[in-house]
Amino acid sequence: KSTQVEILSVDDNQINHAVVENNLVPLGYKVTACMSGGEALELIDTRGFLPDLILLDYMMPVMSGVEMCERLRLKFPSNN
């Protein structure tokens, strides 16, 4: 895993991804974009680890941000 901070942007609007990337990449962050909750969960499953931060759209078609967050919490329960 890289020492660079990775931000996962999950949003069904490409313009929002562009805003995130345009503001954070110049500051040295690695930004990975997914267009849906399902795509993001698949990426996380494939890699087997979470990014440092997830920017998650609340309202998306098919799977809401809330549902994606619930699924992540089941897969990666808190140690607290």
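Biologist: Which elements do the buried residues of α2 pack against?
Modeller: They pack against β1, β2 (30-34), β3 and α3. Contact here means heavy atoms within 4.5 Å. Buried means under 20% relative accessible area, exposed over 50%, and partly exposed in between (1.4 Å probe, protein chains only). Helices (H or I, at least four residues) and strands (E, at least two) are DSSP runs, numbered from the N terminus.

Biologist: What kind of model is this?
Modeller: This is a predicted model, in which local features need pLDDT of at least 70 and side-chain atom pairs count only at pLDDT 80 or more, while totals for chains, interfaces and linings use all residues. Residues are numbered from 1 along each chain as its sequence is written, and side-chain values use heavy atoms, with hydrogens and water left out.

Biologist: How do I read the faces of a helix? Which residues of α2 are buried?
Modeller: An α-helix has 3.6 residues a turn, so residues three or four places apart point the same way. In α2, the buried residues are G37, A40, L41 and I44. Seen down the axis of α2, they fall within an arc of 95 degrees, so they line one face of the helix. That arc is taken from the directions from the helix axis to the C-beta atoms. E42 and T46 are exposed, on the face of α2 turned away from its buried side.

Biologist: What about α1? Which of its residues are buried?
Modeller: H17, V20 and L24. Their arc, seen down the axis of α1, is within 65 degrees, so they line one face of the helix. The buried residues of α1 pack against β1, β2 and β3. The exposed residues I15 and N22 sit on the face turned away.

Biologist: And where do the buried residues of α3 pack?
Modeller: Buried in α3 are G65, M68 and L72. They fall within an arc of 60 degrees seen down the axis, so they too line one face of their helix. They pack against β1, α2 and β3. R73 and L74 are exposed on the other side of α3.

Biologist: How do I read a core? Which residues make up the largest nonpolar one?
Modeller: A nonpolar core is a set of buried Ala, Val, Leu, Ile, Met, Phe, Trp, Tyr and Cys residues joined through side-chain atoms within 4.5 Å. The largest here has 10 residues: L8, V10, C34, A40, L41, I44, M60, M63, M68 and L72. β1 (6-10), α2 (37-47) and α3 (65-75) each give two or more residues to this core. α2 gives the most, with 3 residues.

Biologist: How do I read a salt bridge? How many are there?
Modeller: Side chains of opposite charge can pair when their charged atoms come close. The rule asks for a side-chain nitrogen of Lys or Arg within 4 Å of a carboxyl oxygen of Asp or Glu. The count comes to 3. One of them joins R47 and E6 at 2.9 Å, N to O. R47 lies in helix α2 and E6 in strand β1, so the pair ties together parts 41 residues apart in sequence. K75 also forms a salt bridge with D45, with the closest N and O atoms 3.4 Å apart. K75 is in helix α3 and D45 in helix α2, so this pair ties together parts that are 30 residues apart in sequence. R71 and E67 meet at 2.7 Å, N to O. Both lie in helix α3, 4 residues apart, about one turn of the helix.

Biologist: Which side chain of opposite charge is nearest to D11?
Modeller: R47, and that is 18 Å away. D11 is buried yet has no salt bridge. For charge, Lys and Arg count as positive and Asp and Glu as negative; His and the chain ends are not counted. The side chain of D11 does have polar partners. One is the side chain of N16, in a polar contact of 2.9 Å. Such a contact is a pair of N or O atoms within 3.5 Å; within protein, one must be able to donate a hydrogen and the other to accept it, and residues adjacent in sequence count only if both atoms are side-chain atoms. The backbone nitrogen of N13 lies 2.8 Å from a polar atom of the D11 side chain.

Biologist: How do I read phi? What is its value at V62?
Modeller: Most residues other than glycine have a negative phi. V62 has a positive phi of about 70 degrees although it is not a glycine. V62 sits in the loop between β3 (53-56) and α3.
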